[in-house]
Amino acid sequence: MGNTSAARTLPETTDRKILELLQLLSANPMIVVSGTRMARQIGVSRHRVRHWVNKLRALGVDVKGHARTGYHLQKAADVLMPGVLRRRLEGTAFGKHIHHFFTIGSTNDVALEMAHDGAPHGTVVLAEQQTAGRGRVGRVWHSEKSNGIYMSVLLRPALTPAEAPLITLVAGVAARDALAEQTGAVPDLRWPNDLLLGGKKAGGILTEMHAEPDRVHYVVVGIGVNVNHESLPADLRGIATSLRIATGRTHSRGDLVVRMLRGLDGYYNQFLRQGSDAILRRFAEVSSFCEGKRVRVATAKETFLATTAGLEPNGVLRVTRENGKTEPVLAGDVREA
Amino acid sequence: MAKKKNDALGAAPRADLAEIERILAFMTERGLEEVEYQRGDFHVRLKRQSGPGIVHAVPVASQPAARPAPASNPGLEVEAVAVARPSATPAAAPAENLHTVKSPIVGTFYAAPAPDAPPFVKVGDSVKPGQVLCIVEAMKLMNEIEADHAGEIVGVLVESGQPVEYGQPLFALRPSGG
């Protein structure tokens, strides 16, 4: 697992200082703040301030001005600032330990590393950019700078490993509902938890678990959402989309992160208290893939055509093959045929 | 670890046959299709075709060429390889206590992090506690299975991409350090 150093050096990370700078600018919107004052408040040189302002600009933050005249923000930056998120997540499990990085290998790798080092339940890792975003079976997640949400959430559920896979549906319905509220559109949920807008993938969830045979140590839920991408790489255009492409307008990533985490908090607690019934029901309500969908199933072994036939109580998808045989799909890609 | 195929192996000695019988019984009991097993100088890979019919334990004499032995028996393919090892490890006791690493969930077994990547571990590797041995996936939940003992991998009991049951043995490990 890479990125040991990223997690270990966190308290001293430059990211924090840049965030302070951004918070200072955000606290004085439309007001010019002199470079000298910024340097004094953050406790660095003016030269350093100029360097960091340039870094913010590279991340898409619209900072006006220069060292001599001072700096100001033209409009509120859509950077996922822990201080702001913390306030908006009060009362949930996710407000207390939020770590934000400008550039990171993979939020899941860092969250797993933090979990290994004892980070508490509810820890959230956010990044503006991932250099090694991951998907299933070694696939790459396209992680464009500041246009997407790259977030990992650390959970320490009192569950057995056998019960844990349902968390992937919990995360799926929470993220799907957040997207629906945010866009006003009707996102689809492709089993187990791909987020689709207009039939194309706008978000994905990769969950990683560490467990003993009878006890889960921790689960890291990694959520990637394409939010404000104006366009996508050619090889993804046919299968992927962003909220902006699908709705024709930009969206606040901060709002969406808050909606997703609040939703996750609600569904997760409901799941732990009452079991899986409500989650399975909600999945059936919002996913066109649950029942009667013609799909192509690709497992590590084979690819075949089938029709979906509902979920088993443990969340596994049932499919009926062309020969009439119904069987569970434990893992694999399920695509509309 | 330098492995050499020993052409002089000829027919497998009786003791080895008994061992193969034992492994086959284990495979049948667990419904395994392929097992790679190593103990001391004895190294064997057994492949069983699932489906009806009785599985015969007939080891095929090793071939001079490097290619695997032809499956003369439709039910079973046995590749018997004698391994020349430096005398670092004394011959293991006959009633050796191997440790098995079991799957904590029902899912799909992956020996490697990606289809084109090398496996996390292979037979003969020494592993440390906490080292990742494989991934078992259920519903896009990736469960990295770690070694709970230090030791040497002597058997990879499941083929990559195969479904595994709860509690199914995934690896046989010879604990090190007594």
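In strand β9 of chain B, Gly151(B) is the bridge partner of Val127(B). This is a predicted model, in which local features need pLDDT of at least 70 and side-chain atom pairs count only at pLDDT 80 or more, while totals for chains, interfaces and linings use all residues. Residues are numbered from 1 along each chain as its sequence is written, chains are lettered from A and ligands numbered from 1 in the order in which they are written, and side-chain values use heavy atoms, with hydrogens and water left out.

Back to β9(B), which covers residues 151-156. Helices (H or I, at least four residues) and strands (E, at least two) are DSSP runs, numbered from the N terminus. Strand β6 of chain B, residues 126-127, pairs with β9(B) in the antiparallel sense over two bridges. To pair, two strands need at least two bridges between them as found by DSSP. Strand β11 of chain B, residues 169-175, also runs antiparallel to β9(B), and five bridges join them. There, Gly151(B) stands opposite Pro175(B).

Is β9(B) mostly covered or mostly open? It is mostly covered, as six of its six residues are buried. Buried means under 20% relative accessible area, exposed means over 50%, and partly exposed is in between, with a 1.4 Å probe and protein chains only.

Next, the loop between β7 (132-138) and β8 (141-146) of chain B, where Met139(B) has its place. Lys140(B) lies in that loop between β7 and β8 too. Most residues other than glycine have a negative phi, and most peptide bonds are trans. Met139(B) has a positive phi of about 55°, and Lys140(B) has a positive phi of about 65°. Met139(B) counts as buried because its relative accessibility is 1%. Lys140(B), with a relative accessible area of 10%, is buried as well.

Now to chain A, and a peptide bond. Which residues does the cis peptide bond join? Trp191(A) and Pro192(A), with omega at about -5°. Pro192(A) lies in the loop between β6 and β7 (194-197) of chain A.

Helix α11 of chain A spans residues 277-286, and its buried residues are Ala278(A), Ile279(A), Leu280(A), Phe283(A) and Val286(A). What do they pack against? The partners are α7 (166-183), β6 (188-190), α10 (253-274) and β11 (303-311) of chain A.

His72(A) sits in strand β2 of chain A, residues 70-73. Its relative accessible area is 18%, so His72(A) is buried. Neighbours within four places in sequence aside, the residues in contact with His72(A) include Leu25(A), Met30(A), Val32(A) and Asp62(A). Contact means heavy atoms within 4.5 Å.

Last, chain A as a whole. Chain A has 11 helices and 14 strands. Its radius of gyration is 21 Å, close to the 20 Å that the globule rule gives for 337 residues, so chain A is as compact as a globular protein of that length. That radius is taken over C-alpha atoms, and the rule is 2.2 Å times the number of residues to the power 0.38. Along the principal axes, the C-alpha atoms of chain A fill a box of roughly 75 × 45 × 35 Å. Of the 337 residues in chain A, 55% count as buried. Among contacts in chain A with a separation of 6 or more, 62% are between residues 24 or more positions apart.
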